[in-house]
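Student: I would like to learn how to read a protein model. Could you walk me through one, feature by feature?

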Number of protein chains: 2
Amino acid sequence: MHKIIVIMKKNLIALFTVTLFVSRACFGQTPVVEDFKTSTTAQPGKQYPQVNSEGRVRVSIAAPQANLVQLDIGGKKYDLKKDTSGVWTGESAAQDEGFHYYQLNIDGASVPDPGSLYFYGAGRWGSGIEVPAHDKDFYELKNVPHGQTREKIYWSATTNAWRRCFVYTPAEYEKNIKKKYPVLYLQHGSGENETGWPVQGKANFILDNLIAANAAVPMIIVMDNGYATKAAEPGKPNTPGFSAFETVLINEIIPMIDSSFRTLSDREHRGMAGLSMGANQTIQITMKNLDKFAYIGAFSGTSNYPKTDAIDPATFMNGIFKDVPALNKKIKLFWLGRGTKEPVPFPASIGAFKTMMDQTGFKYTYYESPGTAHEWLTWRRCLYQFAPLLFK
Amino acid sequence: MHKIIVIMKKNLIALFTVTLFVSRACFGQTPVVEDFKTSTTAQPGKQYPQVNSEGRVRVSIAAPQANLVQLDIGGKKYDLKKDTSGVWTGESAAQDEGFHYYQLNIDGASVPDPGSLYFYGAGRWGSGIEVPAHDKDFYELKNVPHGQTREKIYWSATTNAWRRCFVYTPAEYEKNIKKKYPVLYLQHGSGENETGWPVQGKANFILDNLIAANAAVPMIIVMDNGYATKAAEPGKPNTPGFSAFETVLINEIIPMIDSSFRTLSDREHRGMAGLSMGANQTIQITMKNLDKFAYIGAFSGTSNYPKTDAIDPATFMNGIFKDVPALNKKIKLFWLGRGTKEPVPFPASIGAFKTMMDQTGFKYTYYESPGTAHEWLTWRRCLYQFAPLLFK
């Protein structure tokens, strides 16, 4: 009797599972958990966008005369449904925890969600949303001393333009007015700008929290724009490219920072890190300028990008990795990180670089952010792992 | 013969004028001058929004399936026209020179223009556009030493919340590291926040330019959020209101600024100014706290708002204007300004306040910004006129 009941229970569970599978298959969607809360990245006073415990994003917008309104997030478009008052509402599938760019599509027009705060990424100012991460504590605004994030405007002769960077100074900077600080130059990725790290990157809160916990030394962080086009010679077209940022950083930004802030200006107190395009730039610039940098961080990118084939250290980057023992002596930290869910070609491309380091005996620290892709939670975690290892 | 030709010319001109009038009346629009240029407030790399020499704003957006797309600016909606590729384009009537908030309307949905930069005003983050002013030189980014604008985060026990202000420090602040500076507290208007003055207000560039020309003394400017809701007592609802900001400013912001920056902290080196709601707050707070403030600026607002009837100094603001000789002795500067095109009730409301000052012999300086309404060009000009009179 007891056995029969157990079997029946198992069958019921199996039946329920099959039914659920069929209903999911038929309707193309799973039941939505109705515990949505207004997102931390909603505009003040706005009810939407919202996020639920599954990580679904729900948006809502009045568009009485529209034929079709969609939520465009994570590379997919989700149709919203119109109610009788002309308000369209709907939600996405579950998103990874962390920060995502998104937009609305109204009758073919791709526009920002008027409910959300705006962020610069994907080559535009537009909507972004935060899906709360299980480990969000490390980047939250907490009851600790807070540094300042300063907008610094400077003239760049290389690009013949005014440029802007954000400079984080640690909380104690205003108190210890004779103390000098090490400097980390921290770069954004492709399609982003100097607002990436201080806004969606939360670099200030990550450092405030680390410094308050004595886990990182107080440091200055400079967040500049990685795009830099050389000023055209008279009668010649502009020569946009990668190399202008190196010139701007080495010849203009670093001297400007060292003269405007109380910095320790030797190589052992200067680091550079970046994400994606910024990681590529970091490796290119620091490896060529080891008289200026002793700490190097590459988040979700390497200088062989987008290639995935084996790297020959004899020729790669003009043979800069040939004398590995000398490099190991000189470099205090080479730190490489990525998310476990990074899309093609990052895993293989970063993997090829890692293999090259392993084969040559080049010393490095490696980190993988669990369950995140080529997005900001990966990079916040990278900074959180990387910063404590600096300037010690 | 000569006379006849003159008469014919006059008739031709009259005929042309009539024809033009008729065509304007028939089509409801004047011919558009085709000298549009991409706005300085367009997103990097975007071609639209554009502005022409008349001050018309032209926008363009792809919305292939839309039925109606409109540009919503200056309280009017302008229909755009769709081309064969599904791109909608069109322009507004001429706008006043200066800065204006606007939005697009797509089949009834009010959304930000994906081509524009975003600003906080009118109670939302959304599109804004700059119609170049004939006198824009005073607020432009120029080849002068630049101060820093710093984001300062602080805890407010009054509101039981983290708050944020922006603090402008003059260029020399980092050089003269023992010098102390006077402080101006500068407030935004209704529906705006602490980003108003440092972003669309261009307070930093206005002061950089004035200080470089020796027209204003180097000063610190604190730009905070004028909204402050007292933390609820246990079991009681929140008591939102005007008074909480006074408590936050006097008990929290001023002490925090004086302890975090090198300030001159006596009343003769502290001023407060604000626009619209911020002007109202400025008068309310400074007049009650003359032991703390000697310089007062009210831009496009007064504390009798929205009333326009005659003010009785015996009862107005609890009789604070009763002893005018004592006030005149104590207040170093009371400065009042507005735009000539301000809408109802501002001219009459500000006018009633001005009449009260005239009748009581209360000393003040008055300024009118020509051709501007209740918008940011009025307030930029006010700051430009007001700042040189401070702390001298």
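Student: Let's begin with the largest cavity: which elements of chain A each supply at least two residues of its lining?

Tutor: In chain A, β8 (98–106) and α7 (376–386) each give at least two residues to the lining of the largest cavity. Helices (H or I, at least four residues) and strands (E, at least two) are DSSP runs, numbered from the N terminus. Before we go on, this is a predicted model: local features need pLDDT of at least 70, side-chain atom pairs count only at pLDDT 80 or more, and totals for chains, interfaces and linings use all residues; side-chain values use heavy atoms, with hydrogens and water left out. Residues are numbered from 1 along each chain as its sequence is written, while chains are lettered from A and ligands numbered from 1 in the order in which they are written.

Student: What is the general idea behind finding empty space?

Tutor: Rolling a probe the size of a water molecule over the atoms shows where empty space is left. On a 1 Å grid over the protein atoms alone, a cavity is a set of points where a 1.4 Å probe fits but cannot get out; a pocket is an open set with protein on both sides within 12 Å along at least five of seven lines; lining residues have an atom within 4 Å of a point. Grid points are joined across faces, edges and corners, and a volume is the space filled by probe spheres set on the points. Here the count comes to 1 cavity of 30 Å³ or more, and the largest cavity holds about 30 Å³ of space.

Student: Which residues line the largest cavity, and how do they divide by class?

Tutor: Its lining includes A:Gly98, A:Phe99, A:His100, A:Glu375 and A:Trp376. The largest share, 3 residues, comes from β8(A). The lining divides into 4 nonpolar, 3 polar and 2 charged residues. For these classes, Ala, Val, Leu, Ile, Met, Phe, Trp, Tyr, Cys and Pro count as nonpolar, Asp, Glu, Lys and Arg as charged, and the others, Gly among them, as polar.

Student: What is the volume of the second largest pocket, and which residues lie nearest its centre?

Tutor: The second largest pocket has a volume of about 530 Å³. Of its 28 lining residues, B:Gly74, B:His100, B:Tyr101, B:His374 and B:Glu375 lie nearest the centre. Two or more lining residues come from each of β4 (69–73), β5 (76–79), β8 (98–106) and α7 (376–386) of chain B. With 5 residues, β8(B) gives the largest share. By class, this lining has 13 nonpolar, 9 polar and 6 charged residues.

Student: How is a pair of aromatic rings described?

Tutor: By the distance of the centres and the angle of the planes. Rings of Phe, Tyr and Trp (its six-membered ring) pair if their centres lie within 6.5 Å; planes under 30 degrees apart count as stacked, over 60 as edge-to-face and the rest as tilted. Over all chains, the count comes to 47 aromatic pairs. One of them joins A:Tyr173 and A:Tyr181, a tilted pair with 5.5 Å centre to centre and 40° between the planes.

Student: Are A:Tyr173 and A:Tyr181 buried or exposed?

Tutor: Buried means under 20% relative accessible area, exposed over 50%, partly exposed in between (1.4 Å probe, protein chains only). A:Tyr173 is buried, at 2%, and A:Tyr181 is buried too, at 0%.

Student: Why is the pair of A:Tyr305 and A:Phe346 stacked?

Tutor: Their ring centres are 5.2 Å apart and their planes lie at 20°, so the pair is stacked. The pair links distant parts of the chain, 41 residues apart: A:Tyr305 is in the loop between β17 (295–299) and α5 (324–330) of chain A, and A:Phe346 is in helix α6 (residues 346–360) of chain A. A:Tyr305 is partly exposed at 39% relative accessibility, whereas A:Phe346 is buried at 8%.

Student: Where does a charge sit over a ring?

Tutor: That applies if NZ of Lys or CZ of Arg is within 6 Å of the ring centre and within 35 degrees of the ring normal. B:Arg262 lies over the face of B:Tyr173, at 4.0 Å from the ring centre, and B:Arg380 lies over the face of B:Tyr139, at 4.4 Å.

Student: What rotation superposes chain B on chain A?

Tutor: Copies are superposed by least squares on the C-alpha atoms of residues with pLDDT of at least 70 in both. A rotation of 180° with 0.0 Å of shift along its axis does it, with an RMSD of 0.0 Å. That is the relation of a two-fold axis.
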